[in-house]
Each structure stands twice: as structure tokens, then as C-alpha cells.
Amino acid sequence: MMESQPLQAPTATAPPPGSAEPAGAPPAVTPGKEFTRTCKGLVVVLIGGYVLLQLLPSSLNYLAIIPSKTIPYVWTVFTAGYIEQVLPGAIGSSLGLLFCGKDIEPAWGRKEFLKFIILINSICGILAFCFAIGLYYVTGKESFLVTPLSGFHGCLAGFLVALKQLLPNLELPMCFFWKIKAKWMPFFVVCFSSIMAFIVPDSINFLPTLVSGMYVSWLYLRYFQRNPLTGLKGDPSDDFSFPSLFPAAMRPVTDPVANLFDRMLCARSRPLEVALPISDPTKASRRRERGERVLEERLAADNAGDTEASPRGHGHGTAED
């Protein structure tokens, strides 16, 4: 049973003097040093799920997503994200959870960290079911209906997006002496998984969950997550825009997608002071001039009213004397 743990104050560092940080953007954070109790408890859940499948193989029908059985067993779209079917998957997910969680949970707090995991796993489960049904209707292969779908990899993909937001320059070890910065990790994982889907056909089952995990987590962090320090929703900074997930050469493709989501979601999530930027300096100058004239007229009217009120008050006072 997991021990109760009070909410942790976000570990943040103040921005350097004179730096202009966008409203709503999360402050800089420092990498965590220890594995958190929450992550250790979730590792017990992942390992326990794998052990349960080894002891009771039939439990897979009630815990993993099997598209042909999902309609009566609806809860599987919520439980599948915590069930690893093979030992390498259980070990890899546990290590990924521990090392990513020690950097993310101190910045967000335990409550937000658990909320993120539950949200991403649930939405990934729903999307995996829909994708499998779609592939069945397109290809006619019944294997898409009977293949069990489960695993924590969708949430791990979401963690990579969170690390890009919180610690973009953090170097993550890949193999031997090769390291890659956290801000490029989501793009690298998508490319690697896409290549593996062609080399190992069975691995295509993981690709939709990985992609949906990254995309849903970016949508949540970009537009809906409430910053625990500022109280604002979302992260409107350019460093966390949708095109920033890809190399600059792909901007002609990614910019239209980013603009579409800005129009749909930005007005409800960004604070008013940054929601309506003015790009034309001429229009901005005219608006300032009109504002100054209106302000001067109001001040002049107020001064005139005060001037008229003073003699009247003085006259009344003399009559009373």
C-alpha cells in the first residue's frame, strides 16, 4: 500500500533578471535527485500487474484492451495502461517511470503528477481501441480485433513531452556514450518507432499509443494544465509550441497545424494580456493615440466638473455664515 505523501512545493529557480518569460510559462526547474514515493508505488503496480498475468494468464482478458471484447469490458481502456505483458516491458516502463518521475513530480506535485498519468493512460486506451477498430475495417484482418493491447508506453511518451517543457536541455542517455537533449527526445522516439514498425510488423501495435501519448500530453500541457506557481492555464511560450517538437525544416508542415489549435484553444486558455498581440506597429500607434485622446478628454471633463463644484460649494458656505 502506498504511503501518504504531502504535496511537494514545486522545485523552481527564478529566471535571470531582465529576462522576459511569457505569462503562464512554467518557471525553470532543477533535475530531481531521488526517486519519489509515488513513482516507487507505481512501479509496484506495474510489476504486480506483470506477476498477476504470469500467475493467472486469463486475467489478461479482463485487464488489457481486446477490441472484440471491449464493449462488455469497458473498464479495460482504463486498466490497460498499467499492465505489461512481457518482462522487458515491465522493467523498461519501471525504469522510465522512476527516472522521468524524479524530475517531473517535484515540479508538479504529487496530485498533478497522478492526474497526468491517469488522464494520459485513459485517453491512450480509448484511442488505441478506436485505432484497432479502424484498422480492422480498413484491412479486414481479424488480428486487430483479438490482439491484446496494454502497456505503460503511452504515458512514458507523455513524460518525454513533459521533460521537454520542464528541462529541455537535460541530456538523456541513449546507449553507451550517446546522449540526446530532452527537447528532441519526442521526435526521436516517433521516428525510431515508425522505422521499427516497418522492420518488425508486430511493433506497429505500439506506435498509435506512443503518438497519441505524446500528442495528448502536449495538448494538455499547452492549453489546460494549471501552473501551480502562477495559477494560469497552459504554457503559451514559443519554446513549447507544436512546431518546436520538430526540426525547423518541417515548419511549413507543422505551422498550419499549430495555428489551427491556437485558433481553437488559445482564446480559452491564454491570459488576456497575451491572447491578442498586435503585429502591425501602425495600428498599435493609432490605438495608443486614440486611447490617449479619450483619457485626456475624460480628465478634462473631470477637472471641469470639479471647477464648477468649487464655486457652488463656496457660495453655499458664505450664505450659511
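Of the residues that line the largest pocket, 29 are nonpolar, 16 polar and 5 charged. (Nonpolar here takes in Ala, Val, Leu, Ile, Met, Phe, Trp, Tyr, Cys and Pro; charged means Asp, Glu, Lys and Arg; the others, Gly among them, are polar.) A quick word on what you're looking at: this is a predicted model, where local features need pLDDT of at least 70 and side-chain atom pairs count only at pLDDT 80 or more, while totals for chains, interfaces and linings use all residues. Residues are numbered from 1 along each chain as its sequence is written, and side-chain values use heavy atoms, with hydrogens and water left out.

**The pocket and the cavity**

The largest pocket has a volume of about 1,400 Å³. Among its 50 lining residues, Gly-92, Ser-93, His-153, Leu-156 and Leu-210 come closest to the centre. On a 1 Å grid over the protein atoms alone, a pocket is an open set of points with protein on both sides within 12 Å along at least five of seven lines, a cavity is a set where a 1.4 Å probe fits but cannot get out, and lining residues have an atom within 4 Å of a point. Points are joined across faces, edges and corners, and a volume is the space filled by probe spheres set on them.

Helix α4 (87–108) gives the most to this pocket's lining, with 10 residues. At least two residues each also come from α5 (110–139), α7 (153–166), β3 (171–175), α8 (185–199) and α9 (207–224). Helices (H or I, at least four residues) and strands (E, at least two) are DSSP runs, numbered from the N terminus.

The whole structure has 2 cavities of 30 Å³ or more. The second largest cavity is lined by residues including Ala-128, Phe-131, Phe-144, Ile-204 and Pro-208. Both α5 and α9 give two or more residues to that lining. Here are the two spaces together:

**How α4 meets α7**

Helices α4 and α7 pack at an angle of about 35 degrees, and their axes are 10 Å apart. The contact (heavy atoms within 4.5 Å) involves Gly-92, Ser-93 and Gly-96 among others on α4, and residues including Leu-156, Phe-159 and Ala-162 on α7. Sorted by class, the contact has 10 nonpolar residues, 4 polar and 1 charged. Axes are lines fitted to C-alpha atoms, for helices over the stretch in contact, with angles from 0 to 180 degrees between N-to-C directions.

**Two buried residues**

Ser-122 sits in helix α5 and is buried, at 13% relative accessible area. Buried means under 20%, exposed over 50%, and partly exposed in between (1.4 Å probe, protein chains only). Leaving aside neighbours within four places in sequence, Ser-122 touches Val-77 and Phe-78.

Ala-182, in the loop between β4 (178–181) and α8, is also buried, with a relative accessible area of 0%. Beyond its neighbours within four places in sequence, Ala-182 contacts several residues, including Leu-160, Leu-163, Lys-164 and Pro-168. Gln-165 is 17 residues away from Ala-182 in sequence and 8.7 Å away in space, C-alpha to C-alpha.

**The chain overall**

The protein chain has 12 helices and 4 strands. Of its 321 residues, 39% are buried.
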